[in-house]
Amino acid sequence: MDKNRREFIKNSCTLCAGVLGLSALLPALQSCVAINTLQLEPINNTFKVPISSFIETSRVVVIKHNTLSFPIALVKSDITNYRAFELKCTHQDNGLGVSNSGFFCSMHGSNFDLNGRVQTPPASRNLKEFKTILQTESILVTV
Ligand code: FES
């Protein structure tokens with residue numbers, strides 16, 4: 001093997017390793033962004049979430065209350081669209097972790113995107129979604 005060819009292979013492999021290493025870190029880096037968690041009191045099974053709860057760096061707010069079996073993730077799809085999902089894995093009912101890129105289950109590795117859709121099995125069903133209503137300064141989430 002001549003020197004130029006050996007040098008080309010060495011440089012290509014170094015570049016690939018760098019790209020693969022960085023791409024493996026991206027989900028972890030995205031999950032480092034703070035997610036706001038709120039303890040809210042429901043009124044008639046409805047949580048009222050102030051729009052100001054969404055911090056600039058995050059599209060997700062987590063709602064908790066002792067009447068909920070699992071927390072709820074409220075996702076800001078865009079300035080007028082919000083969606084709410086139960087943070088319960090549809091495979092075997094394990095609680096889900098939250099990041100700004102989606103939801104993940106530590107039990108068997110299922111992943112869901114911010115639209116609640118399964119991205120990685122073994123879960124085969126999308127997340128349970130709750131009705132949301134956008135008001136002037138808040139979002140209503142009915143469970
Ligand atoms: S319980 Fe979530 S992947 Fe199995």
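Reply: A helix here is a DSSP run of H or I that covers at least four residues, a strand is a run of E that covers at least two, and the elements are numbered from the N terminus. With that in hand, the chain reads α-β-β-β-β-β-β-β-β-β-β-β from its N terminus on, which comes to 1 helix and 11 strands. Please keep in mind that this is a predicted model.

Which sheet does β2 belong to? Its sheet is an open one of 7 strands, in the order β1-β3-β4-β5-β10-β11-β2, and the pairing is mixed. From one strand to the next, the twist averages 25°. As background, strands of a sheet pair through backbone hydrogen bonds, in either a parallel or an antiparallel way.

Now for the partner. β2 is joined to β11 by 5 bridges, and the two strands run antiparallel.

How do the two faces of β2 compare? In a regular strand the side chains alternate between the two faces of the sheet. In β2, F47 and V49 make up the covered face, while T46, K48 and P50 make up the uncovered one.

Most residues other than glycine have a negative phi, and most peptide bonds are trans. N44, although not a glycine, has a positive phi of about 50°. N45 likewise has a positive phi, near 60°. Are these residues buried or exposed? N44 has 5 C-beta neighbours inside 10 Å, so N44 is exposed. N45 has 10 other C-beta atoms within 10 Å, and N45 is therefore exposed too.

To see what else the chain holds, look at its other open sheet, with 4 strands in the order β6-β7-β8-β9 and antiparallel pairing. Here β6 (97–99) and β9 stand at the edges with a single partner strand each, so one side of each has no neighbour in the sheet. Inside this sheet, β7 (residues 102–104) and β8 (residues 111–112) pair over 2 bridges, and F104 stands opposite N111 in β8.

A loop between β9 (118–120) and β10 holds P122. The peptide bond that joins P121 and P122 is cis, with omega about 25°.

Finally, here are two figures for the chain as a whole. Of its 143 residues, 22% are buried. Among contacts between residues at least 6 apart in sequence, 43% join residues at least 24 apart.

Terms used
Residues numbered from 1 in each chain as written. Predicted model: local features only at pLDDT ≥ 70, side-chain atom pairs only at ≥ 80, totals over all residues. Pairing = 2+ DSSP bridges. Axes fitted to C-alpha atoms, helices over the stretch in contact; angles between N-to-C directions. Buried ≥ 20, exposed ≤ 12 C-beta atoms within 10 Å, placed from the backbone. Contact = placed C-beta atoms within 7 Å.
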